Amino acid sequence: MSQAIIPIDNVTLKERLSKATRVQRRRALLLTMPLVIFLIISFVLPIGEMLWRSVHNPTVSNVVPDFAVAIQKWDGQNLPSEAIFELFVNDLVAAKKNREIGKTVGNLATRINYDIPGSRSLFTSTARKATNLKAPFKESLIKLNKKWANHTLWLSLQRNAKDITPGFYVAALDLKYDDQGNVVQADELYQIYMSNFIKTLEISALITFICVLLAYPIAYVLSTLPLRQSNLLMILVLLPFWTSLLVRTTSWIAILQTEGLVNDIFVFLGILADDGRVQMIYNQTGTVIAMVHILLPFMILPLYSVMKTINPTYMKAALSMGAKQSYAMRRVYLPQTIPGLAAGTLLVFILAIGYYITPALVGGEDGILISNLIAYHIQKSLNWSLGAALSAILLGTVLILYWLYNKLIGIDNLKFG
Amino acid sequence: MTLLKHDKSKSVLILLAVTLFILIWSSKSGSIFLAPALSFLVLFGIPLYFVKPMPTYASTGDRLSRYSFVAICTFIFIFLITPILIIVPLSFNAEPYFTFTEGMLNFEANAFSLRWYEDIVHNGMVDPDAVSGWWGDMWNNAQWIRSTRNSFFIATISALIATTLGTIAALGLSRPEMPYRALITSLLISPMIVPLVITATGMFFFYSSINLAKTYTGVILAHATLGIPFVIITVTATLSGFDRTLIKASQGLGARGWMTFRRVIMPLIMPGMISGALFAFITSLDEVVAVIFIADVEQRTIPRQMFSGIREQISPTILAVASILVLLSIVLLTVMELLRRRSERMRGITPS
């Protein structure tokens, strides 16, 4: 006859155990909470807020609020009605007096100018004369400037009067709205973002590939030499890893410039004529070379940590059974290093597609990557929403790769040295 | 093919012969290029130390492939280390060039100078030749000194924040009963993965809206965030080799949570904590994207100053600064290596 052990206070052992585990789980979670909260405030919220900008589009409804509501009822055929025109002119007159950032006519003009290049002055000049306009507003506005009879302009205003817009993603994906308001491919001249994004992916893939080629033999040497010697050689890998990225970039400028070390050696050896020196920096070549150098340790270290655990007797067994060195390498050694290869490849690729500093310094014209375009829109053109939309696309790509990394390798297996 | 039989003295002879050949060849073309010959000797002499003797039954093909493998590896190692080392002799250039002058290659004394190191101190000073008040002038006005002060201040505080919060979180993450471990770990590592431009612009907008942009607090918060993944990685790595029965033993002997942490856990994970802190420190010291977006002129750091230096007026002063930074990274690397050995000793692993 079996009977549950019931302690004095009538709580079974099972219940007590599960209670104790709950307390321990909560304690463990509590320990991570300060950092999680810190990161949410300093990192997750800022990025979230920026991504919100990529769809948030309050300009039109801020500057001409009553018009923004009314234009939504317009069916998009012909021109809007006189009532809507009247609201527009009244709002414009009111907006002219507004000096608050984000609510001026200038903001409105800039916003519509993104959609219809060249329409900026139309808004600013009309706003200056808006007080003198008399009813009927439709006719007097068109009389002031016949661009106001442009159907596309009103379609753009209607589209942008909504607070949430896919418009910036349309621009970021090299699409545009045509005269009827349909999404179509942008003119070839303006297709810069997607081609740059593809170029970024290609260059990153190239960099990753070169890193694999260079890192594999190095990691192999490091993992097979006796510890004392490999520690010595490890310094050659870790010193670049610990050295400032700007130092390394500067140094590549010194090495690769036309009057630099590599050119000097080539001229010295007679490979190049003194007047035929090659430009190797401030272009794509320079970017690739410098980035390979900067990212190489991120490939060597994961490979090394996997190769170190490989038992050398497998190779010996293969060789003793008659396999040639190259065959044994391919069929016995290589498959065992796949986890390290995958980790290094994904890590280098992820870091490469978001790289900013090196392309900005040595990229010149054709070495510009997507990060540099994002920075351009945030700092120079001030089209923050477009920058945010590009960021969202880049971030999405990176997060997918990060998820893959987690799935395949597990982020907690990441180690340095 | 006796030439390829492994024999260190023979290899050294060949190497010397090639070096001599380069010397003679270069002397014919005008001046003696001592430096290239010497560097050749060093670059190809060192690998000999690492080459294992081959068994006697190895075929010529085996030998050839072995030697070409050694040559390839040598070239990759040269590729890795040259950019770091080349900076140092270049920074002693007497001319305002980014390249070796002929005088430098021939080791002429007047081709070298310390002028760019002086320039680090003098640049921005009101009166570099003044006798009185020189130190105060340098401390307050010299641009590089200012940015050095900023860099070290920001790096120290942000490394402290990252290490404190990171260690506490790593303690939680390494507990066996931790729920949602994978999710939380990937959140904590993500500042390393998310492209810096995205992080920096996000922070720029957000910190502007709460008046933290263009302040030291803003930059420190940003750098602490970026340093956290490295602290988490190093400290959890140390904790993974941690014998958890020690905690039970300590509790069994009556120690409470804090006592257990301070007297049992902390001494054992100290090496990991320090290397995590160093990682966070160097991350901040090297970080420039967040500084570009968040900081103002007042918070300029060394890398920010170098960034604009490279972009605007590229002068060898940058090389002098870079050389000092290389020295700093050598020091940090040595400290890390000592810590690693100490931690290995504590776990009973010794190098063979």
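Trainee: Is helix α9 of chain B mostly covered or mostly uncovered?

Mentor: In this predicted model, α9(B) is mostly covered, with 11 of its 14 residues buried. A residue counts as buried if 20 or more other C-beta atoms lie within 10 Å of its own. Among the buried residues of α9(B) are B:L196, B:V197, B:I198, B:F204, B:F206 and B:Y207.

Trainee: Against which helices do the buried residues of α9(B) pack?

Mentor: They pack against helices of both chains: α1, α18 and α19 of chain A, together with α8, α10 and α13 of chain B.

Trainee: How does the length of α9(B) agree with its 14 residues?

Mentor: At 1.5 Å a residue, those 14 residues should span 20 Å, and the end C-alpha atoms of α9(B) are 20 Å apart, which agrees. Just after the helix, B:N211 takes a positive phi of about 60°.

Trainee: How should I describe two helices that pack together?

Mentor: Two packed helices are described by the angle between their axes and by the distance between those axes. Consider α8 (residues 181-193) and α10 (residues 216-240) of chain B: their axes come within 7 Å and cross at roughly 120°. That angle makes α8(B) oblique to α10(B). The crossing in which α8(B) passes α10(B) is left-handed.

Trainee: Which residues make the contact between α8(B) and α10(B)?

Mentor: On the side of α8(B) they are B:L188, B:I189, B:P191 and B:M192, while α10(B) contributes B:T225, B:L226, B:I228, B:P229 and B:I232. By class, this contact of α8(B) with α10(B) holds 8 nonpolar residues, 1 polar and no charged.

Trainee: What angle and distance describe α1(A) and α8(B)?

Mentor: These two helices pack at an angle of about 45°, with their axes 11 Å apart. Therefore α1(A) and α8(B) are oblique to each other, and α1(A) passes α8(B) in a left-handed crossing. In α1(A), the residues A:T32, A:L35, A:V36, A:L39 and A:F43 meet B:I184, B:L187, B:L188 and B:P191 in α8(B). The contact of α1(A) with α8(B) has 8 nonpolar residues, 1 polar and no charged.

Trainee: What is the handedness of the crossing of α10(A) and α14(A)?

Mentor: The crossing of α10(A) and α14(A) is right-handed. In their contact, 23 residues are nonpolar, 1 is polar and none is charged. As for geometry, α10 (residues 193-224) and α14 (residues 284-307) of chain A pack at an angle of about 45°, with their axes 7 Å apart.

Trainee: How many residues of chain B are in contact with chain A?

Mentor: The size of an interface is often given as the accessible area lost when the parts come together. Here we may count residues instead: 73 residues of chain B are in contact with 76 residues of chain A. Several helices of chain B each supply at least two residues of the side that touches chain A, including α7, α8, α9 and α10. The largest share of that side, 13 residues, comes from α3(B). By class, the side of chain B that touches chain A has 57 nonpolar, 12 polar and 4 charged residues.

Trainee: Is B:Y216 buried or partly exposed?

Mentor: B:Y216, which lies in helix α10 of chain B, is partly exposed, with 16 other C-beta atoms within 10 Å. Leaving aside its neighbours within four places in sequence, B:Y216 is in contact with B:I154 and B:Q299. B:Y216 and B:N150 are 66 residues apart in sequence and 8.9 Å apart in space, C-alpha to C-alpha.

Note on methods. Residues numbered from 1 in each chain as written. Chains lettered and ligands numbered in written order. Predicted model: local features only at pLDDT ≥ 70, side-chain atom pairs only at ≥ 80, totals over all residues. Axes fitted to C-alpha atoms, helices over the stretch in contact; angles between N-to-C directions. Helix = DSSP H or I, 4+ residues; strand = E, 2+ residues; numbered from the N terminus. Parallel < 35°, antiparallel > 145°, perpendicular 65-115°, else oblique. Left-handed = near helix turned anticlockwise from the far one by under 90°. Contact = placed C-beta atoms within 7 Å. Nonpolar A, V, L, I, M, F, W, Y, C, P; charged D, E, K, R; others polar. Expected span 1.5 Å × (residues − 1). Buried ≥ 20, exposed ≤ 12 C-beta atoms within 10 Å, placed from the backbone.
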